[in-house]
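Please keep the model in view while reading the numbered points.

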Amino acid sequence: MYKRQLQPVLRVDREGGTIWLGNPDAQRVSRPLGPEDGARLRDALAALHAEGLVHGHVDASHLRELPDGSLMLRFSPNQGPTGTIDNDRIALARLLTGT
């Protein structure tokens, strides 16, 4: 189930340093985030981290709501200089608490 919370990857060219990401019909989140949302987003980040990847931009601008009400984290290929697993977790905690 957690894979649905991450933006779909259509193709990866590791040698060329290029990634193609799917862009499902999703909109900015216009509702408060609940405990179930938090659990699913934490699971999604854990799955990303388990693959050796870092999100780097866990914030409201990268969070989208799909037509069925589920949430999705959009991904930016460039994590920036502060992109770490710990910073991803801290950013998600801030997003979920609204701080």
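Which residue in S4 does arginine 28 stand opposite? Point 3 gives the reply.

1. Basis. This is a predicted model, in which local features need pLDDT of at least 70 and side-chain atom pairs count only at pLDDT 80 or more, while totals for chains, interfaces and linings use all residues. Residues are numbered from 1 along each chain as its sequence is written, and side-chain values use heavy atoms, with hydrogens and water left out.

2. Elements. The protein chain has 2 helices and 5 strands, in the order β-β-β-α-β-β-α from the N terminus. Both kinds are DSSP runs numbered from the N terminus: helices are H or I with at least four residues, strands E with at least two.

3. Strands pair if DSSP finds at least two bridges between them. An open sheet of 3 strands runs S3-S4-S5 with antiparallel pairing. S3 (27–28) and S5 are the edge strands, each with a single partner, so one side of each has no neighbour in the sheet. S3 and S4 (residues 63–65) are joined by 2 bridges; here arginine 28 stands opposite arginine 64 in S4.

4. Hairpin. S1 (residues 9–13) and S2 (residues 18–21) pair in the antiparallel sense over 4 bridges. Valine 9 is placed opposite leucine 21 in S2. Between the strands lie 4 residues, and glycine 17 in this hairpin has a positive phi near 70°.

5. Core. A nonpolar core is a set of buried Ala, Val, Leu, Ile, Met, Phe, Trp, Tyr and Cys residues joined through side-chain atoms within 4.5 Å; buried means under 20% relative accessible area (1.4 Å probe, protein chains only). The largest such core has 13 residues, and Leu41, Leu45, Val58, Leu63, Leu73 and Leu92 have the most contacts inside it. Helix H1 (35–50), strand S5 (71–73) and helix H2 (85–97) each give two or more residues, with the largest share, 4 residues, coming from H1.

6. Valine 58. Contact means heavy atoms within 4.5 Å. Leaving out residues up to four places away in sequence, valine 58 touches Leu45, Leu73, Asp88, Ala91, Leu92 and Leu95.

7. Whole chain. Of the 99 residues, 30% count as buried. Among contacts with a separation of 6 or more, 63% link residues 24 or more positions apart. The C-alpha trace spans about 40 × 30 × 20 Å along its principal axes.

Note on methods. Buried means under 20% relative accessible area, exposed over 50%, partly exposed in between (1.4 Å probe, protein chains only).
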